[in-house]
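This briefing sets out the architecture of the structure shown below. Please read it alongside the sequence and the coordinates.

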2 protein chains.
Amino acid sequence: MIRLGIVGYGNLGRGAELAIQNSEDMELVAVFSRRNLDHPLSQPLDGIEQWRSKVDVLILCGGSATDLPEQGPLLAQWFHTVDSFDTHARIPEYFEKMDAISRGCETVSVVSTGWDPGLFSLMRVLGDSVLPKGTSYTFWGRGVSQGHSDAIRRIAGVKDARQYTVPSEDAMNRVRSGENPELSTREKHTRECYVVLEEGADADRIQHEIKEMPNYFSDYDTTVTFITQQEMARDHAELPHGGRVFHSGLTGEGQHHGMDFGLKLDSNPEFTASVLIAYARAVHRLVAVRDYGAHTVLDVPLGLLSPRTADELRRSMV
Amino acid sequence: MIRLGIVGYGNLGRGAELAIQNSEDMELVAVFSRRNLDHPLSQPLDGIEQWRSKVDVLILCGGSATDLPEQGPLLAQWFHTVDSFDTHARIPEYFEKMDAISRGCETVSVVSTGWDPGLFSLMRVLGDSVLPKGTSYTFWGRGVSQGHSDAIRRIAGVKDARQYTVPSEDAMNRVRSGENPELSTREKHTRECYVVLEEGADADRIQHEIKEMPNYFSDYDTTVTFITQQEMARDHAELPHGGRVFHSGLTGEGQHHGMDFGLKLDSNPEFTASVLIAYARAVHRLVAVRDYGAHTVLDVPLGLLSPRTADELRRSMV
């Protein structure tokens with residue numbers, strides 16, 4: 001049995017617990033948190049290093065903004081880890097830091113896994129490698145963006161908000177047809193916002209602030225719908241997501257080839273956690289061959305994600 | 001530059017030549033054949049072992065029925081190789097043989113790559129590993145099956161034939177919806193046959209022989225259309241293919257997740273060859289770290305397929 005610890009018990013941490021229950025070769029031994037959790041396996045994060053001999057792989061379930069940049073390098077001193085660091089622009093810097101510590105301390109870390117970065121990264125590299133005369137397109141949604149929802153909630157007068165990223169069916173169909181279009185940000189996705197106002201708040205002013213918000217909304221066609229707190233609870237309690245990576249390329253005398261990989265997820269955190277757990281299995285195997293240091297999904301053979309033996313996979317799945 | 005040799009110059013070998021032209025880090029140095037080819041790089045297959053120091057990786061483009069079972073083990077003594085051995089039931093046996101020779105002779109081989117086996121194998125293992133409470137479905141087509149076309153051509157009175165494997169849209173939609181259906185062979189695919197008769201041949205008898213042929217057609221709904229040789233040349237000269245792997249699974253309290261990977265290929269041999277060439281790059285890198293022996297696609301990190309450095313991939317594609 002692979003003994004796993006979870007660090008952080010939000011949506012992703014709870015998803016990891018569920019994913020471990022689906023894995024017959026794994027057991028959860030501790031859930032570490034700064035908070036006092038109502039959980040039979042709860043342990044304080046302070047003093048976690050005493051668990052070194054009792055945990056094979058640690059699943060880091062904190063956020064990328066502040067938790068992981070601090071916790072990753074700290075915990076990689078003592079533990080083999082897997083995480084979902086997803087601030088794309090800062091991945092090289094995070095990787096370098098984790099790699100230096102993991103090599104120095106003889107630990108294995110897999111960083112930035114999940115589905116994007118993660119499975120979608122695999123597909124972009126696969127497309128680019130197999131069809132170098134080609135173009136990749138990534139579409140996200142329809143799904144809830146936590147970051148965009150949070151940005152709306154920070155506006156004065158907003159009580160609650162939920163933002164859906166919606167891919168343009170028209171843009172996807174143009175890509176699917178092999179047309180190889182140049183697509184602007186506005187053409188690829190639209191943004192739907194559902195907002196609960198505080199009493200007496202100015203709806204017009206808030207709608208304007210959302211639509212003009214730089215980086216988050218100003219480059220998109222954005223719709224804002226005001227709803228009640230009851231409607232929010234009834235219609236927007238789930239965290240669905242998904243998306244699709246297309247790669248479209250040519251060989252020979254203009255023969256066209258299309259590759260695409262899609263996800264349709266009822267629960268973004270439960271699926272992301274399932275990917276983390278599969279990579280935790282790979283971490284355990286990389287430890288066995290002393291392949292220390294940081295790895296991304298691009299460095300890990302996919303056969304290592306499976307509980308099945310290499311021989312069984314060749315017989316039944318290749 | 002990675003120096004490549006091609007063994008066998010049929011459709012796949014010609015596709016490999018085109019794929020090498022699209023790869024800036026590779027050059028073709030020889031095309032080996034038992035036949036005397038009209039090609040500037042033509043070399044006799046006899047005496048190929050003299051090319052050991054001049055070829056980094058050999059692309060084996062022979063067929064799985066008789067060429068590869070003989071050529072693979074012979075050539076893996078002297079060369080690092082990549083092949084598309086695709087008789088699924090015999091892959092474990094072929095792998096064992098290639099592995100023993102490659103380890104003994106300190107060569108690297110990647111066997112059974114292409115798209116199925118190959119990229120589709122990756123997707124089946126990925127789905128099964130990430131969502132263990134789930135089911136995978138593979139659909140092929142619409143595309144030309146060489147094996148089924150050949151089987152029809154062997155019937156007395158048949159001058160030429162082309163067989164298309166066609167996936168059932170209805171079955172794919174049921175899978176896509178998350179229904180998790182049990183699908184019989186007959187429900188998943190149909191088979192369309194286009195046949196040119198020899199003069200005076202008995203169309204009724206031939207149609208009957210095709211539809212009742214065990215293993216190939218008897219378990220499918222098969223249509224047979226008789227056409228002229230001119231129609232065959234005009235409408236059926238290309239070798240398109242494709243297919244889709246679905247994996248459908250559950251987490252937690254019945255949250256459903258769907259993953260799918262699809263290919264739509266104008267030219268089956270040109271795309272298959274493009275996959276082989278990307279894996280040839282991986283072979284070259286596995287040699288550099290002395291990771292001798294046979295590998296399937298499941299054993300090779302996807303980052304090794306790319307001409308880009310690991311650092312560049314982390315910056316631009318993860």
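The model is predicted. Chain A contains 11 helices and 14 strands. Its radius of gyration is 21 Å, close to the 20 Å given by the globule rule for 318 residues, so chain A is as compact as a globular protein of that length. Chain B superposes on chain A with an RMSD of 0.0 Å.

**Relation between the copies**

**Overall dimensions and burial of chain A**

- The C-alpha trace of chain A spans about 60 × 60 × 35 Å along its principal axes.
- Buried residues make up 58% of the 318 residues of chain A.
- When contacts in chain A between residues at least 6 apart in sequence are considered, 69% join residues at least 24 apart.

**The seven-stranded sheet of chain A**

- Seven strands of chain A form an open sheet with parallel pairing, in the order 3-2-1-4-5-6-14.
- Strand 3 (42–44) and strand 14 (293–295) of chain A are the edge strands, each of which pairs on one side only.
- On average, neighbouring strands of this sheet are turned by 25 degrees against each other, with direction ignored.
- Strand 1 of chain A is largely enclosed by the rest of the structure, because five of its six residues are buried.
- Strand 1 and strand 2 of chain A run parallel and are joined by six bridges. Within strand 2 of chain A, Val31(A) is the residue opposite Ile6(A).
- Strand 4 (residues 57–60) and strand 5 (residues 81–83) of chain A pair in the parallel sense over three bridges. Leu58(A) has Thr81(A), in strand 5 of chain A, as its bridge partner.
- Helix 1 (residues 11–21) of chain A lies across strand 1 (2–7), strand 2 (26–33) and strand 4 of chain A. The direction of helix 1 is at about 165 degrees to strand 1 of chain A.

**The four-stranded sheet of chain B**

- An open sheet of four strands in chain B has the order 8-9-10-11 and mixed pairing.
- Its edge strands are strand 8 (143–144) and strand 11 (221–226) of chain B, and each pairs on one side only.
- Strand 10 (residues 189–197) of chain B runs parallel to strand 11 of chain B, and six bridges join them. Glu192(B) has Thr223(B), in strand 11 of chain B, as its bridge partner.
- Helix 8 (residues 203–211) of chain B packs on this sheet and touches strand 9 (158–167), strand 10 and strand 11 of chain B. The direction of helix 8 makes about 150 degrees with that of strand 11 of chain B.

**A buried loop residue**

- Asp56(A) is located in the loop between strand 3 and strand 4 of chain A.
- With a relative accessible area of 15%, Asp56(A) is buried, since buried means under 20%.
- Not counting residues up to four places away in sequence, Asp56(A) touches Met1(A), Ile2(A), Arg3(A), His80(A) and His284(A).

Note on methods: Residues numbered from 1 in each chain as written. Chains lettered and ligands numbered in written order. Predicted model: local features only at pLDDT ≥ 70, side-chain atom pairs only at ≥ 80, totals over all residues. Heavy atoms only, no water. Least-squares fit on C-alpha atoms with pLDDT ≥ 70 in both. Pairing = 2+ DSSP bridges. Helix = DSSP H or I, 4+ residues; strand = E, 2+ residues; numbered from the N terminus. Axes fitted to C-alpha atoms, helices over the stretch in contact; angles between N-to-C directions. Contact = heavy atoms within 4.5 Å. Rg over C-alpha atoms; globule rule 2.2 N^0.38 Å. Buried < 20%, exposed > 50% of the residue type's maximum accessible area, 1.4 Å probe, protein only.
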